[in-house]
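Subject: Handover of a structure, with notes

Hello,

Here is the structure I promised to pass on. Please open it first, then read the notes below alongside it.

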Amino acid sequence: MSRSLSAVQAEELHKSILGYAVAQCLETATSTLRAELVLGVDVFSAEKAHQYGQLLEKKWKLEARNAELESQLKCAAPASNRQDPTTWIPTSQPRLHLESHTDSVNCIAFHPVFSSLASGSDDCTIKIWDWELGELERTIKAHTLAVRDLDFGGPSGAVLLVSCSSDLTIKLWNPSDNYKNIRTLNGHEHAITSVRFLPNNRSDRNLLVSASADRTLRLWDVTTGFCVKVFKGHSDWVRSVCPSDNGRFVLSSSADNAACLWDIQSHSPGATLTLIGHDKAINCCAFAPPSSYQYLSSMAGSSTSVPSSNAAEYYATGSRDNSIKLWNADGKCFTTLLGHDGWVNGLVFHPGGRYIFSAADDKTLRCWDLHEKGQCVSIIRGVHEGFITCLRWIPTTRTAHGQNRDDSCSPVSVNNHNANGNFRCVIATGSMDKKVRVFRN
């Protein structure tokens with residue numbers, strides 16, 4: 001009989017079948033298969049077998065999901081009648097409800113390639129979910145105190161997960177090796193509240209930035225684990241940090257009521273720009289993508305268009321004064337968005353550029369239309385039963401190149417040029433109610 005599988009494919013299938021037998025504790029079948037396939041414990045350990053068994057089970061679930069999606073596709077409206085991704089906003093009902101944490105969910109992060117979503121909690125764990133299937137894949141006993149923030153990123157072709165905690169540590173995890181902890185970074189002197197990989201496609205420059213209650217930001221070399229720079233300028237707890245799409249600039253927000261822009265290439269440890277205007281602590285901040293520049297330029301009353309190659313032209317901040325402020329590159333606040341009845345804890349720009357989303361202690365997810373001068377066009381109430389603590393949009397894989405603010409060449413995310421709808425519409429929230437909600441088109 002002719003073989004339809006290659007030798008490698010056949011071997012992988014055999015291992016998966018054997019792994020499933022091991023996982024199901026089918027001792028007779030396991031012994032027979034090990035003998036027939038010449039896969040003894042010394043060659044194919046029980047731990048490895050369990051991993052393969054999980055893969056086989058997941059494969060069938062994915063097949064069922066594919067069948068369901070194909071059925072939906074047949075009944076779907078013609079492409080000409082489908083909603084343009086650039087105008088998509090979440091509906092009132094999340095598609096997935098993820099529940100397993102035993103304490104407040106503080107942070108969430110999407111894998112840039114696979115359908116994995118990580119969540120971190122006051123219960124000191126990280127949970128990895130399949131947001132396509134809505135299933136919990138694994139629980140990582142990550143830290144000795146609360147997990148405060150998470151992010152996927154790192155070397156090109158070798159995505160890592162980073163976490164930070166109130167236990168003063170930053171940890172790197174390898175998703176391709178069962179989320180093994182590959183490095184722990186020490187240096188901050190107080191709780192670490194935020195951490196982000198800096199976007200970059202250069203294999204010799206893998207960096208991440210962290211923010212802490214010790215009032216500093218630190219820049220780390222992912223490869224060596226060394227702290228390569230310390231940024232000082234805030235006078236109180238630094239609450240959040242956000243890198244620009246080209247990895248050149250970092251925006252931070254603090255309990256000192258200010259946000260700061262930092263140039264990581266600068267020889268000075270001080271901030272390049274300080275944004276003053278909020279009455280209370282600033283919980284979150286975000287760079288506007290170039291797809292938003294046309295709307296923000298109009299709102300700011302600018303008479304000249306801003307080149308999309310400029311990576312740090314407009315910013316947004318969310319505060320405990322219940323407001324969202326939009327700023328230009330001169331540090332001027334040109335719009336204040338009012339409507340939330342609680343601390344604003346999460347901000348994210350729609351990749352299409354027209355909208356900005358916010359989440360707050362008032363348990364609402366709000367959408368603001370920049371084309372309509374920042375008018376609130378959608379309020380989703382009761383998303384969670386507790387305060388909403390975090391908000392993330394699924395990232396787009398970084399493959400394009402662009403220019404820095406000073407016109408020097410640097411890799412840049414394709415998020416910069418997504419006004420044409422080349423992105424996925426998936427957004428997630430986490431809450432003090434211990435749950436994660438996922439919205440998708």
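This is a predicted model: local features need pLDDT of at least 70, side-chain atom pairs count only at pLDDT 80 or more; totals for chains, interfaces and linings use all residues.

Let me start with strand E23, residues 355-360.

In E23, Tyr355, Phe357 and Ala359 point one way. Ile356, Ser358 and Ala360 point the other way. Both sets are buried.

E23 pairs with E22 in the antiparallel sense, over 5 bridges. Valine 344 stands opposite alanine 360 of E23. The hairpin of E22 and E23 has 5 residues between the strands, and glycine 353 there takes a positive phi near 100°.

E23 also pairs with E24, again antiparallel and over 5 bridges. Here alanine 359 has leucine 365 in E24 as its bridge partner. This hairpin has 4 residues between the strands, and lysine 363 takes a positive phi near 70°.

The run continues with E24 (residues 365-369) and E25 (residues 375-380). They are antiparallel and joined by 5 bridges. Cysteine 367 is partnered by serine 378 in E25. The hairpin they form has 5 residues between the strands, and lysine 373 in the turn has a positive phi of about 60°.

Now the whole protein. How many helices and strands are there in it? The protein has 4 helices and 30 strands. It has 441 residues, and 55% of them count as buried. Take the contacts between residues at least 6 apart in sequence: 52% of them join residues at least 24 apart.

Two helices to look at next are H1 (residues 7-23) and H2 (residues 27-37). Two packed helices are described by the angle between their axes and the distance between the axes. For H1 and H2, the axes come within 9 Å and cross at roughly 155°. That makes H1 roughly antiparallel to H2. The crossing is left-handed. On the H1 side, the contact is made by His14, Ile17, Leu18, Ala21 and Val22. On the H2 side, Ala29, Thr30, Leu33, Arg34 and Leu37 make it. By class, the contact of H1 with H2 has 7 nonpolar, 2 polar and 1 charged residues.

Helix H4 covers residues 293-300. Which residues of H4 are buried? They are Tyr293, Tyr295, Leu296, Ser297 and Met299. What covers these buried residues includes strands E19 (314-319), E20 (324-328), E21 (333-337) and E22 (344-349). Just after H4, glycine 301 has a positive phi of about 75°.

Threonine 216 has lysine 232 of E13 as its bridge partner.

The other has 4 strands in the order E14-E15-E16-E17, and the pairing is antiparallel. Its edges are E14 (238-243) and E17 (273-276). Each has a single partner strand, so one side of each is left without a neighbour in the sheet. The twist here averages 20° from one strand to the next. E15 (residues 249-254) and E16 (residues 258-263) are antiparallel over 5 bridges. Phenylalanine 249 pairs with aspartate 263 in E16.

Finally, two loop residues. Most residues other than glycine have a negative phi. Leucine 168 is not a glycine, and its phi is positive, near 75°. Leucine 168 lies in the loop between E7 (160-165) and E8 (169-174). Is leucine 168 buried or partly exposed? Its relative accessible area is 31%, so leucine 168 is partly exposed.

Arginine 215 also is not a glycine, and it has a positive phi of about 80°. Arginine 215 sits in the loop between E11 (207-212) and E12. It counts as partly exposed, at 45% relative accessibility.

Best wishes

Methods. Residues are numbered from 1 along each chain as its sequence is written. Side-chain values use heavy atoms; hydrogens and water are left out. Buried means under 20% relative accessible area, exposed over 50%, partly exposed in between (1.4 Å probe, protein chains only). Contact means heavy atoms within 4.5 Å. Two strands pair if DSSP finds at least two bridges between them. Axes are lines fitted to C-alpha atoms, for helices over the stretch in contact, and angles run from 0 to 180 degrees between N-to-C directions. Angles under 35 degrees count as roughly parallel, over 145 as roughly antiparallel, 65 to 115 as roughly perpendicular and the rest as oblique. A crossing is left-handed if the near helix is turned anticlockwise from the far one by less than a right angle, and right-handed if clockwise. Ala, Val, Leu, Ile, Met, Phe, Trp, Tyr, Cys and Pro count as nonpolar, Asp, Glu, Lys and Arg as charged, and the others, Gly among them, as polar.
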